[in-house]
Structures are given as C-alpha cells and as structure tokens.
Amino acid sequence: MNLGFPLFPEQASTMASRVDALFFFLVAVSVFFVALIFLAIFVFAVKYRRRSEDERPRPIEGNFWLEIFWSAIPLGLTMVMFVWGAIIYFDIYNPPNDALEISIVGRQWMWKAQHAEGQREINELHVPVGQAVKLTMTSEDVIHDVFLPAFRIKQDVLPGRYTTLWFQASKPGEYPLLCSQYCGTQHSGMVGRVVVLQPAEFEKWLSGGATGMSMVDLGESLFQRFGCNTCHRVGGTSQGPSLVGLFGKTVQLQGGKTVAANEDYIRESILDPRAKVVAGYQPIMPTFKGLISEEGILQLIAYIKSLHTVERKASQK
Amino acid sequence: MNVSEIERREHYLNISYGIRSWLFTTDHKRIAWLYLLSVTLFFFIGGFFATLIRLELLTPQGDLVQSETYNKLFTMHGVTMIFFFLIPSIPAVLGNFLVPMMIGARDLAFPRLNLASWYIFILGGAFTLMAAAAGGVDTGWTFYTPYSSIYSNTHVVLTVVGIFITGFSSILTGLNFIVTIHKMRAPGMTWFRLPLFIWAHYATSIIFILGTPVIAITLLLVGLERIFRLGIFDPSLGGDPVLFQHLFWFYSHPAVYIMVLPAMGVVSELIACFSRKRIFGYSIVAFASLGIAVIGFLVWGHHMFVSGQSVHAGMVFSFLSMVVAIPSAIKVFNWTATLYKGSISYDAPMLYALGFIGLFTMGGLTGLFLATLGINVHVHDTYFVIAHFHYIMVGGSVMGYLGGIHFWWPKMTGRRYPEGWARLAALIIFLGFNLTFFPQFVLGYIGMPRRYHVYPPEFQVLNVMSTAGASILAVGYLLPLTYLIWSLRYGAVAGRNPWGARGLEWQTPSPPPTENFERTPIVTEGAYAYEKDPEEIYPLGKPAHV
C-alpha cells in the first residue's frame, strides 16, 4: 500500500471508480483546452511578433458567430459535467435501505463509532467488504468532517443534528479515516483508519470483546433509567404518547403542523421537548440536555427505532 | 526629455512636499500611492506567514512550529492576503490612479471620501495586525462557527473588528467609482468607448457595495455570539452553524470576483496595447464582466456541497457554477483572438498578461472540477481546492496586478523600470508559481486535507516540490520590489506615452499634473483605436484651468 510516492489514491469502494471516471473526463477536457489556448498563444506570439515599430495592424472588431460558437461548446461540455456529477452526488447521499448502520460521534479530536451490536471503537472503523454501510453522524462540539479518500466520499459532521454518509467497500484492507473540516488545534491529529474485513472476519470481530449489550439493549436500559417509560408506555398515557411504531411516521403537532419522526426529531424532543409538542399532549416533559451524551441519544434512537418490532410482536399475540 | 525636465515641470509628485502633503492629500493619484505602500506591506507580511507554512510542510512531522502556531499562520496568511492585499490591490492602487485618468476626469467624484477610505483601511489593518501581535487567531480565514464563535481561545473579536472596519473602505471606494464612472466622463467618452479596465471596475464596485455589508454583519454576529453568547450560530445555544456558512459565502464567493475582475480589466489593457489591436469582441468582454458580477452572487452554495445542505440545493448551485464559468471562458477566447494578426511585443507587462491567461485558464478549468458535484465531494477541503484558488488569486490576480504595476509605472513615476530584470522576474514568477501549486492538485486528489499541520510521510515528495517552488516564487517577488524602488531614482525618463498606447491616461505628461489633463480631453474613438494616431482620437479641448 505504501509506495512511498503515490500519485493516485487507492480505489476501495464501489463509488471510487465512478468518481475517477468522471475525474478523467474532466482532465481530458481540461488538457484539451489548456493545450488549445497555449498553442494558440504560442503560434500567434511567434507568427505575429512585432517586426517593425511602425506596424499598424488592421482592426478586427469581433465576430458574433464565433462568440456564439465558443460560448455554446463550453456550455454544452459543462452541462455534461453537471449532469454526470449530479447523478454520482445523488447516489453518494442516498443510502440503500438494507445498509448496515453505524453511528459516529466526532469530538475534538477523535472519532467514536458504535455498531448496532454494541461494539464501540475509537479512531477505527471496522466494516465488512461488499456490504453497504450507512454512517449516522453528529458532533459534540464543532463541525468535523468524515473523509474517506479511498472511497472518494466525505460529509461534514455537525453539532446539533445528524448527517449521513454511506459506502460499500470493495476491497479488504486498511484505509485512512480523516477529518477534513478544520476543527481546532489537533485537527490534523483527528485521523484514524477504516478496516475493511471479509464478512466472516467481520462477524468474528463483532462478537469479540463486546459488552454483550447491543445499541437497542443499551437504549432500553437508558429508557428505564431516565424514567422515559413512566409516560411513554406501550399504548401511551395521558402524559405522553406511545413511541411504538413512531419512527418514520408523520406526527401531528399542536397548532396543526406535522413533522416526520426521524433521528433529528427524536433528538430534539429529548433535548428541547417544548420545541415540537404532539397534538393532544401538554408540554410537561423536562429537558434531558446535559444529562445524556450524544452516544446515549443515539442508543435511545436505536431503541425507539426497534419499537416497530415490539408492535409487530404485540399484534401477533 | 531629460531628467531635469521632469524636475522642472510641476506635476502631482512635486507640487508639494512633506508628510502632511501626503497624509492630507485628496489627489486620487497620491492616495493610490498611499494604498500601494500599504498593500505592499501587507503582501510581504502575508508572504512571511506563507514562508513559515511552506517551511513547516517540508517535513511530515510538526517540527518547525507547534500546531497552535501553524493554525495561526495559515489563518493570518489568508486574512492578510485576502482582506488586506488581494481585495484592495488592483482597485485601490491602480483603480484609484487610473479610473479618473482613463475617463478624462480631474479626480474621483468624492476626493475626501477617497482619502477617508484609505484611513478606514489602515484602521482596520491596524486592528488585525494588533490581533496578530497579541498572539494571533486560529480559526482559518473562513471563521467557521461554532469554532470561531465559541471554541477558539484566540483573538477572534479583534480580527473580525479589523475586517469589519476595512469593509467600509471597500464600500466607499465602490461608491466613489460608480458615481465617477456615471457622472464624470469626458465629452465623447460614451459607455462603449470606455476601456475594459473601467468596465471591470464598474462590475467590481457593484460587488463591493452589495456584498461587503453582508460579510460585515456576519462577522459582527460572530463577535456578538462570542462576547454575549447570543444563540445565532452555536446549536447548543439554539443557533445554526450552517447559517454562518451561507452568510459568509454570500459575500466571500463574489469576493473572488472582486479579486479577479480588476485583473481581467488590466489584462484587457495589456493585450490590446502590446498587440496594437482592439480587443476582439469588446462589448462581449464588457458584458462578461457584468455577467460574472451578477451570476457570481448566486453560486455561494458550491462551497457547501458536503455541509449537509439538501442534495437539490447542491444541484442548483452546481448548475449555476457551471454557468458562471462561461463568461470567463469567453474572455479567455477573446483575449487569445485579439493576438491574431496583431503586432505583438514582449515587454514585461505582456509577459504577465500572457502568464495570466495561461494560469487563469488552468485555475478556471480546475474550478469546473469543484463545481462538478461528484468530484467535489472527494476533493472538497483538500489541497486540490488550495491549488485551484491559488491559480485564480495568485496566478490570476497577482499576475494581473504586477503586469499593471509595470505597465503604468512610467505613468505613475515618470520613470522606466529595467526591462531585462522585469522580464526575468516575470519568468521566475511563472515557473516558481507552477512548481509551488501544481503538485498541490495531485496532493488533493490523493487525499491530503487542507489545514493539516502533520501529514502522512508518503505525501512528502510533493510537499517538498511545493516548498521548492515557493522559494523560487519568493525570489520572483523580491526582484520587482528591488528594481522598482531602484528605478524611482535611476530609471530612464519615460515620457508621455512609452508604450504607444491609445488610452486617455497616456495622452498627458508622465507623471501627470495634479489636475490630470492640461486641457479637457475630447474623445472621438474607443480606447483601443490602435490603427489611428492619438491626435486623431483626442482632438484638443479647451484648457482645463478655465
């Protein structure tokens, strides 16, 4: 891997070759135009060099059709770049539904990752080869950015909200995991590695050394510990709505507005419960700001997401 | 004409002496000199920071300075170069000197406001230098929140106050130029006879006036959040950090055009003069400047493709960024076509102009890589971006600025610079520049993020190339500083029109009299009528003193 003097990054995801193909198209267009301009300047500069001090070249005002010609061709080429680039961009930011979910919390100056099975790691990210992986990310302090050059992707990691990024690694190995949004003194030290394993090895890694508690288990125990279940019981109470089957639904709010129940909504409802009150309920829930960590919130979200299954189990009974 | 004749004739430089005659002057030509001295000082301060950055990056480890210091160095480099050199350089120095002269006016519309602009600039610069002296600032020149507003422990407030103040200097200069260009053109100087330098400055002035207030308010809000913990940008206080980026880039993207449009104006003048031709497609080039200024306000979101803004917003901004590239491409084609069947000479200003076309073309094309969404995601915040904008700002703006300084030096001083040295310097700068910044495109694509104090060892070879180039570039910049100062005393006497140019500013003695023209000029032709004699284009008007 370490050639000493690389001129091109490794291709280790399904996206990498697509981005590189577009890159080489732009390189080809650029080389053509740079060569054209340099050649034209060179030829004119030699051919029309001043031979005597009293030369008075014939004036040329311009040529309308020539202007149209050299506006239309670049415009056409840039539109190809735009459409091609937009297609790739759309795919980079639309994860497939069956992706393996991993949550990432950034802070000055480290990356913390937590797998659904409960396995945690710092400045490392173990993923299986050949499977789509979706990262749900937030920051505890300033803006960071997950940059995976071998996968040709990056995404800012913001405090106070979730952003997502997905990839499918195509080659086992170790690749750099970098922070590319300037985040303070040790910004260049906020680096780690992505370890891409064969699926079997990944399973082995997942089962080794974990606490035995999955994200959902951890979320459930927080749910009990903070007393969430006293109001948000299955079936709901007069104090709070049931959370079963909440995730992904549209929620009616007081004042007639609605909101999609996604990660950001749940996070906000935990930290700032009065911002969006569900229709038919009083704003009596206290804030949990300062009481619960970003990782804890992600575990609670995992638990609330899992309550779909509880509902299904309940209906089967 | 010999030296003693320059001395005997009364002109703007010898009409009065002493420091007060300069600090209280309202003559746009003298104010241009005040700016020239100030921006040169800031250029070398910014260059000093750049030198330390490149020396640190010579090795992968952080061994020359500590991380805190490194972060302050790149921040102070960016702040100094952008707000105190690139933005004022051409408009405030060459624009100040030339806008009235090129349109046949006696001064700018508001001479005292012009002097006030310089004092405001100096006051802002003093605050920012004070911040540097007090220990510096480490947020990056982009001041992203909530790092700048909450987390940084450095002199953010002092720095943003400096930039806030300096902004007013830009606004007032823009206002002065717009009023002057509208109201003070000489008889016969119609809009489509104006030099393209004037069109470029008109477009730049629009951006000054419409854009600068936004950055001023934004930086003020950063200061307020920092001091009073107002929840504007920090989410823990109820704010939105991405809002800052929208506001910041709403100014700072058009600011790129503040830096490059005036340089395009200079290049149009140089290409016309040194090929003795009208600019091919004059009116298209003029409207391209205005088009860039207007569309340039609608592309700020291309700095935020990975910030979490919606995918659809990303698409709109990508599309508009492609569109804004077209007027620039048209300009490059028109300049090149101007050379066709011209009478081309290779004096130093022309070398800078041709260098500008080449480097600006490369900077512009790599801008398309960044406007292309699928590629931007990979190269965003890497050295690819650093290389791209240095091609535009140093390869473009600084080449244009130096070309302009050399071209109008005889007019400003009455002396000629040593031509051989100047050509050598232009060549050294071109080569040094490419060696410094071309490797950074490669570094960016292989994944070296910007603002990294420490980097993986496999990136060292390219970084060493870049640092080597930077030292060549430094020699290239020190040469003109030396021989231009030398020429003030020892340069050959220039005469009225050493380049045989047709612009109005060349039809008056060098250095010009305080009132610019001995007689009110009358204009019968566009600025590039090289096929005619100047006497034909500008018949004698009535004496200006009457």
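This is a predicted model: local features need pLDDT of at least 70, side-chain atom pairs count only at pLDDT 80 or more; totals for chains, interfaces and linings use all residues.
The crossing of H4(B) past H8(B) is left-handed. On H4(B), the contact is made by Pro91(B), Gly95(B), Leu98(B), Val99(B), Met102(B) and Ile103(B). H8(B) contributes Phe197(B), Ile198(B), His201(B) and Thr204(B). Seven residues of this contact are nonpolar and three are polar. No charged residue takes part.

Chain B also meets chain A. The interface brings 73 residues of chain B into contact with 75 residues of chain A. H4 is one of the elements of chain B that give two or more residues to this side. The others are helix H6 (147-151), helix H9 (241-275), helix H10 (282-295), helix H11 (311-339), helix H12 (348-371), helix H13 (373-379) and helix H15 (419-445) of chain B. H11(B) supplies the largest share, 14 residues. By class, the side of chain B that touches chain A holds 42 nonpolar, 22 polar and nine charged residues.

One loop position in chain B was examined. Thr514(B) sits in the loop between helix H16 (460-490) and helix H17 (534-537) of chain B. A residue is buried if 20 or more other C-beta atoms lie within 10 Å of its own, and exposed if 12 or fewer do. Thr514(B) has 17 C-beta neighbours inside 10 Å and therefore counts as partly exposed. Leaving aside neighbours within four places in sequence, Thr514(B) is in contact with Tyr12(B), Ile15(B) and Asp27(B). Pro439(B) is 75 residues from Thr514(B) in sequence. The C-alpha atoms of Thr514(B) and Pro439(B) are 48 Å apart in space.

Chain A contains an open sheet of five strands in the order E3-E2-E1-E5-E8. Its pairing is mixed. Strand E3 (120-122) and strand E8 (163-168) of chain A stand at the edges. Each has a single partner strand, so one side of each is left without a neighbour in the sheet. Neighbouring strands of this sheet are turned by 25° against each other on average, direction ignored.

Within this sheet, strand E1 (residues 100-107) of chain A runs antiparallel to strand E2 (residues 110-115) of chain A, and six bridges join them. Gly106(A) is opposite Trp111(A) in E2(A). E1(A) pairs with E5(A) in the parallel sense, over seven bridges. Here Ile104(A) stands opposite Met137(A) in E5(A). Strand E5 (residues 132-139) of chain A is mostly covered, with six of its eight residues buried. E5(A) pairs with E8(A) in the antiparallel sense, over six bridges. Met137(A) has Thr163(A) as its bridge partner in E8(A).

Another open sheet of five strands in chain A has the order E4-E10-E9-E6-E7. The pairing is again mixed. E4 and strand E7 (153-157) of chain A stand at the edges. Each of these has a single partner strand, so one side of each is left without a neighbour in the sheet. Here neighbouring strands are turned by 20° against each other on average, direction ignored. Helix H3 (residues 199-207) of chain A packs on the sheet and touches E4 and E10 of chain A. The direction of H3(A) makes about 130° with that of E4(A).

Strand E4 (residues 124-128) of chain A runs parallel to strand E10 (residues 192-197) of chain A, and five bridges join the two. Pro128(A) stands opposite Leu197(A) in E10(A). Strand E9 (residues 173-179) of chain A pairs with E10(A) in the antiparallel sense, over five bridges. In that pairing, Arg193(A) of E10(A) is the bridge partner of Pro176(A).

Methods. Residues are numbered from 1 along each chain as its sequence is written. Chains are lettered from A and ligands numbered from 1 in the order in which they are written. A crossing is left-handed if the near helix is turned anticlockwise from the far one by less than a right angle, and right-handed if clockwise. Helices (H or I, at least four residues) and strands (E, at least two) are DSSP runs, numbered from the N terminus. Two residues are in contact if their C-beta atoms, placed from the backbone, lie within 7 Å. Ala, Val, Leu, Ile, Met, Phe, Trp, Tyr, Cys and Pro count as nonpolar, Asp, Glu, Lys and Arg as charged, and the others, Gly among them, as polar. Two strands pair if DSSP finds at least two bridges between them. Axes are lines fitted to C-alpha atoms, for helices over the stretch in contact, and angles run from 0 to 180 degrees between N-to-C directions.
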